[in-house]
Amino acid sequence: MNNTNSVISDSYEVSNLRAGHRVQLAGFELSPFIGINNLFDTKYMSNLRLNGFGGRVFEPAPTLNVYGGVSVRLNY
């Protein structure tokens, strides 16, 4: 993380999950979905700033978060 190699970062694994379903409805395809990022709430860094000012080299990543939505497609 710096030129002297005095700062190190631990290894990590992050798991995400996404599920959805397709439905045909009057010429449209609706696809609702839901997802979870960082499924096991792992503490990790999303970005590392080499030689960061004041020794601030780590930028933490988001914790467990949930999202959802609907995709709509016109079939003609």
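Predicted model: local features only at pLDDT ≥ 70, side-chain atom pairs only at ≥ 80, totals over all residues.
Guide: Local features need pLDDT of at least 70 and side-chain atom pairs 80 or more, while totals use all residues. Numbering starts from 1 along the chain, and side-chain values use heavy atoms, without hydrogens and water.

Visitor: What box do the C-alpha atoms fill?

Guide: Roughly 65 × 25 × 15 Å along the principal axes.

Visitor: And how much is buried?

Guide: Of the 76 residues, 12% are buried; buried means under 20% relative accessible area, exposed over 50%, partly exposed in between (1.4 Å probe, protein chains only).

Visitor: Switching to charges: how many salt bridges?

Guide: The count is 3, each needing a side-chain nitrogen of Lys or Arg within 4 Å of a carboxyl oxygen of Asp or Glu.

Visitor: Which residue does Glu59 pair with?

Guide: Arg49, with the closest N and O atoms 2.9 Å apart. Glu59 lies in strand β5 and Arg49 in the loop between β4 and β5, so the pair ties together parts 10 residues apart in sequence.

Visitor: What about Arg22?

Guide: Its side chain meets Glu29 at 3.9 Å, N to O. Arg22 is exposed at 64% relative accessible area, whereas Glu29 is buried at 12%.

Terms used
Helix = DSSP H or I, 4+ residues; strand = E, 2+ residues; numbered from the N terminus.
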